Amino acid sequence: MNSSILKQAASAPRVGGHGAAWRRAATALVVPLLILAVWQWVGQSADMAGVLPTPVEVGKAWYAWIFGNPGMGLNPYQGTWVSNVQYSTLRVAQGFVLAMLAAIPLGLAIGWSRLASRLLDPLIQGLRPIPITAWLPFSIALFGIRDMGSIFLIFLGGFYAIVVNTTQGARDVDRNLVRAASMMGASPAQMLRRVVLPAAMPSIFTGLRIGLGISWTAVIVSEMVAVKSGLGYVLWDAYYVGRMDIVLADMASIGLMGFLSDRLLVAVEHRVLAWRMLQNH
C-alpha cells in the first residue's frame with residue numbers, strides 16, 4: 001500500500017515545475033542586471049569617460065576577442081579567446097587533478113591516523129598560510145617560463161583546501177558506524193575504504209569546490225608571470241597596453257569559467273552523494 005502511494009507520488013508530474021524554474025532564473029538575474037545598469041550609467045558619466053569602459057564597450061571587445069572583427073583594424077586579441085581559455089582550462093585541470101590525487105588520500109590518513117596526524121599535519125599547517133604569490137619566484141627558478149610552473153602553483157592553490165576539508169571529514173565520522181564495522185570484522189583497509197571515505201565525501205566535495213575556485217585564482221596569477229599564454233597573460237598584457245575593455249572582458253571570462261567548472265563539480269557531487277540527498281528528503 002505505502003509503496004504504491006510512493007510510486008504514484010514519484011511519477012506524478014510536478015505542477016508549475018517549469019514556472020518555478022523560470023522564476024528562480026529571473027530572480028538570479030535581478031542583481032547582475034542592476035549592476036550592469038549602474039555600471040553603464042557610471043561609465044557614461046563625464047568623470048569616467050575614457051577611464052571605465054561601459055558594458056556595451058566591453059561586450060563589443062569581448063565579441064571581437066571571441067569571433068574576430070576585421071573592421072577593428074590591427075587588434076592582436078582578435079579571435080584568440082577560445083585558445084586562451086583552452087590554455088587556462090587545461091592548466092587548471094592538470095593542477096587540480098594532481099592536487100585532488102595527493103590531498104584526498106593524505107587528508108584521510110591525517111584525519112584517521114594519529115601517527116599520520118602527528119607526522120604530517122604540523123608541516124601542512126605551517127606551509128598553508130604561505131600565499132601563492134610568494135611561491136612565484138621559486139616556481140620560476142625551478143621550472144622556468146613553462147607550463148609546469150603554472151601547474152605547480154595551481155596544485156598548491158587547490159591542495160590545502162582539499163586536504164584540510166578531507167581531514168576534517170575523516171575526523172567527524174560517526175563512531176557508531178566505526179564500531180559496527182569493527183564488530184562485523186572489517187579490516188583497517190576496509191574500514192577506510194567503505195566507512196571513512198563515504199562518510200567524509202560531503203566534506204571532501206566542499207574542499208574540492210573551494211580548491212577549484214582557488215585554482216582559477218592561481219592560474220591567473222601564474223599566467224601573468226610564469227607563462228606567456230592564457231587568460232592571465234592576456235589580462236596583464238591588455239592592462240599594459242591600456243585595453244581596459246579587454247581587461248574587463250577577461251575578468252568576466254574568468255568568472256564564467258570558474259562558475260561553469262563549479263557547476264560541473266556540483267553535478268558530480270549530486271551523482272556521487274545521491275544517497276545523502278535521499279536521506280535529507
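This is a predicted model: local features need pLDDT of at least 70, side-chain atom pairs count only at pLDDT 80 or more; totals for chains, interfaces and linings use all residues.
Local features need pLDDT of at least 70 and side-chain atom pairs count only at pLDDT 80 or more, while totals for chains, interfaces and linings use all residues. Residues are numbered from 1 along each chain as its sequence is written, and side-chain values use heavy atoms, with hydrogens and water left out.

**Figure 1. Overview of the helical protein.** The protein has 12 helices and zero strands. Its elements, from the N terminus on, run α-α-α-α-α-α-α-α-α-α-α-α. Helices (H or I, at least four residues) and strands (E, at least two) are DSSP runs, numbered from the N terminus. Of the 281 residues, 37% count as buried. Buried means under 20% relative accessible area, exposed over 50%, and partly exposed in between (1.4 Å probe, protein chains only). The accessible surface comes to about 16,900 Å². Carbon and sulfur atoms hold 68% of that surface. Areas come from the Shrake-Rupley method with a 1.4 Å probe; for residues, only the protein chains shown count as cover. Among contacts with a separation of 6 or more, 68% join residues 24 or more positions apart. Contact means heavy atoms within 4.5 Å.

**Figure 2. Packing of helix α6 on helix α9.** Helix α6 spans residues 132–143 and helix α9 residues 188–225. They pack at an angle of about 45°, with axes 11 Å apart. Axes are lines fitted to C-alpha atoms, for helices over the stretch in contact, and angles run from 0 to 180 degrees between N-to-C directions. The pair is therefore oblique, a class left after angles under 35 degrees (roughly parallel), over 145 (roughly antiparallel) and 65 to 115 (roughly perpendicular). From α6, the contact uses Ile132, Thr133, Leu136 and Ile140. From α9 come Ala218, Val221, Ser222 and Val225. Six of the contact residues are nonpolar, two polar and none charged. Ala, Val, Leu, Ile, Met, Phe, Trp, Tyr, Cys and Pro count as nonpolar, Asp, Glu, Lys and Arg as charged, and the others, Gly among them, as polar.

Figure 3. Gly144 sits between α6 and α7 (147–171). Gly144 counts as buried because its relative accessibility is 19%. Leaving aside neighbours within four places in sequence, Gly144 contacts Ser139 and Ala226. The C-alpha atoms of Gly144 and Val227 are separated by 8.6 Å, although the two residues are 83 apart along the chain.

Figure 4. The loop runs between α2 (17–43) and α3 (55–67). With a relative accessible area of 6%, Thr54 is buried. Not counting residues up to four places away in sequence, Thr54 touches Trp39, Gln40, Gly43 and Gln44.
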